Amino acid sequence: MRVVATVNGLITSELAALYALRYAALHGFPLTLLHVENSQDSPDDVQRSMNVIEEAASLDHVSCERLLLTGKPLAAIRKYLADNRVDTLFCSTSRHHKYFQTSLRKQLISQPLPADLAVVQVVRLDAASYVKNIVMTIEEDRLSVQKFTFFTAFAKAYEADTEIYSVTLVDAKKLAELDLPLTRNLLKTINDHLSHYVKLASFLNIPLHIKHAVAGNEIDQILHHLSHHNFELMIVGNRWLPNLSRLFRNQPIERLLRATPINTIVFYGRDNG
């Protein structure tokens, strides 16, 4: 197994690759720095970024290789993933893009890949090397084993304290009807469903806290929570969506990526977990 990081010569992809490096170092996997040749990226900048990442990899004793592909990016990457045993593909994303622009990130999330996908939104350039507090947001008790495993890997890699932030969505009418006993019962049920993850974190010696919110808007509540706490990294899960579904569905994750004040990794499990 190996970890793959796409590199385009920008500082954001360089930092995304450093997250990939930490993940690879924890698991003892080699790291592949992948670039698909195109007219938009500067070859010199790509090589400089790869030099920086390789230097960091040598300090972490991680085997590192370069891979230059040609052709259409999505097809080239899918073929490489299909022909090789890849644990996770890391790819950076940008806040600024045209609505109908088909970025590499949008192409990659259009359909399941034969590897897990980690999309990295870099907001703070200094936070990739210093992570002491990590938060993972979930809706109610919806947490897959794949996402929890990814989350705990970063907790171990950085020796960080962790928090699961569970948001329960309710409409205005139900919110008005929730009294204290009903709220306690609701949160107790969620805690019961998450209790095995708390035990796993304890076995792994990972400090884990669970916090709850009941809100009418998930993204507003998450952004409010982030603004009142000192996290360096947020991990969220999402599902693969075909191109047409992404056009006609409201996508909260897009708003979250545009507005997040901290570095964020969106995890897509290979089996949609």
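Reader: In which strand is the place of Thr-6?

Author: Strands are DSSP runs of E with at least two residues, helices are runs of H or I with at least four, and both are numbered from the N terminus. Thr-6 has its place in strand E1, residues 2-6. This is a predicted model, in which local features need pLDDT of at least 70 and side-chain atom pairs count only at pLDDT 80 or more, while totals for chains, interfaces and linings use all residues. Residues are numbered from 1 along each chain as its sequence is written, and side-chain values use heavy atoms, with hydrogens and water left out.

Reader: Is Thr-6 buried or exposed?

Author: Buried means under 20% relative accessible area, exposed means over 50%, and partly exposed is in between (1.4 Å probe, protein chains only). Thr-6 has 8% relative accessibility, so it counts as buried. Across the chain, buried residues make up 47% of the 273 residues.

Reader: Which residues is Thr-6 in contact with, leaving aside its neighbours within four places in sequence?

Author: Contact means heavy atoms within 4.5 Å. On that basis Thr-6 is in contact with Ser-13, Leu-34, Ile-77, Leu-89, Phe-90, Cys-91, Ser-92 and Leu-104.

Reader: Where does Asn-51 lie, and how does its accessibility count?

Author: Asn-51 lies in helix H2, residues 43-59. Its relative accessibility is 42%, so Asn-51 counts as partly exposed.

Reader: At what angle do the axes of helix H1 and helix H5 cross?

Author: Axes are lines fitted to C-alpha atoms, for helices over the stretch in contact, and angles run from 0 to 180 degrees between N-to-C directions. The axes of H1 (residues 11-27) and H5 (residues 145-158) cross at roughly 90° and come within 9 Å. H1 is therefore roughly perpendicular to H5; angles under 35 degrees count as roughly parallel, over 145 as roughly antiparallel, 65 to 115 as roughly perpendicular and the rest as oblique. On the H1 side the contact residues are Tyr-19, Arg-22, Tyr-23, Leu-26 and His-27, and on the H5 side Phe-150, Ala-153, Phe-154, Lys-156, Ala-157 and Tyr-158.

Reader: What pLDDT does the chain average?

Author: pLDDT is the predictor's confidence in each residue, from 0 to 100. The chain averages 89, and 90% of the residues score at least 70. Over residues 240-249 the pLDDT is below 50, although this stretch has 25 contacts in the model beyond near neighbours in sequence. Where pLDDT is low, the predicted coordinates should not be read in detail.
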